[in-house]
Amino acid sequence: MKRVAAVSTATAVAHVLREEILSRQDGDLYLGQENELLARLGVSRPSLRQAVRLLQAEGILTVRRGHHGGLYGQRPDAAGVAHMASVFLRTRRASFADLSATHALITTECARLAALNPDPAERGRLLTFVDADAGGDARDHARARAQWGVLLAEIARSPTLQLFEDVLGSLSRYPTSRPFLLDPDSVALAWEQCRWIAEAVRDGDADTAAMLCREHEDAMARYLRDQPDDRLGW
């Protein structure tokens, strides 16, 4: 019974600290040192430390040592989400082609929303990215293409779509998988298609941006379906 009570207390403390972190928009939120939090929250040291471990696992809290040590809130990244998503999808025997088909739906909507962004400077960022990152070998393209998708979602001003873009892009580069690699001609064609999409986004043409993006993603999905299973990285 004591262990159940301790776990319940730790969960409650984690909830209080989580809400405090999430209610603030600034990074590096200082929560206090351990003794300060024990006094403020009125809980035992084991319960506080268990709550800290829960929030560290969520990626929203870090413990710093030294003169300016203490507990700090932080913004989580997509790496932890991608890890759990990878485990889940692998237990379901998901294929790389299935990921690509889902990615097509998300990216197409991102392109439409990005073109509807009222800020011309933001819409132009995608074309600037293409101009800077086009070229390189197949591995460079795989890395830059994932970044392209995240930037597209960012311009679309959708945190939810940005998360999915980030997670799916991370899954394609996950250590247990081998990302598909395009031949040089296909890389060049893929970047040309990305440029067309970026130009439509820059021009604020939502219908064209969505159409071009769907054509690009469908072509990529067809390419993946034609690959041997051992190249899908699962």
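**Salt bridges, a helix crossing and a hairpin**

Modeller: The count comes to 11 salt bridges, a salt bridge being a side-chain nitrogen of Lys or Arg within 4 Å of a carboxyl oxygen of Asp or Glu. This is a predicted model, where local features need pLDDT of at least 70 and side-chain atom pairs count only at pLDDT 80 or more, while totals for chains, interfaces and linings use all residues. Residues are numbered from 1 along each chain as its sequence is written, and side-chain values use heavy atoms, with hydrogens and water left out.

Colleague: OK. What does E34 form a salt bridge with?

Modeller: With R45; the closest N and O atoms are 2.5 Å apart. E34 sits in helix α2 and R45 in helix α3, 11 residues apart. Helices here are DSSP runs of H or I with at least four residues, strands are runs of E with at least two, and both are numbered from the N terminus.

Colleague: Which residues are linked with E34 in a network?

Modeller: R45 and R49; the three are linked by salt bridges.

Colleague: At what angle do the axes of α2 and α3 cross?

Modeller: Roughly 110 degrees, and the axes come within 10 Å. That makes α2 roughly perpendicular to α3, a label for angles of 65 to 115 degrees. Axes are lines fitted to C-alpha atoms, for helices over the stretch in contact, with angles from 0 to 180 degrees between N-to-C directions.

Colleague: And which residues make the contact?

Modeller: E34, N35, L37, L38 and L41 of α2, with R45, L48 and R49 of α3; contact means heavy atoms within 4.5 Å.

Colleague: Back to salt bridges. Which side chain does D131 meet?

Modeller: R195, at 2.0 Å from N to O. D131 lies in helix α6 and R195 in helix α9, so the pair ties together parts 64 residues apart in sequence.

Colleague: Is D131 buried, partly exposed or exposed?

Modeller: Partly exposed, at 46% relative accessibility. Buried means under 20% relative accessible area, exposed over 50%, and partly exposed in between (1.4 Å probe, protein chains only). R195 is also partly exposed, at 29%.

Colleague: Now the strands. How many bridges pair β2 and β3?

Modeller: Four, in the antiparallel sense; two strands pair if DSSP finds at least two bridges between them. L61 has G73 in β3 as its bridge partner. In the hairpin of β2 and β3, five residues lie between the strands, and G66 takes a positive phi near 95 degrees.

Colleague: How many bridges join β1 to β3?

Modeller: Three, and those strands run antiparallel. G32 has L71 as its bridge partner in β3.

Notes: Angles under 35 degrees count as roughly parallel, over 145 as roughly antiparallel, 65 to 115 as roughly perpendicular and the rest as oblique.
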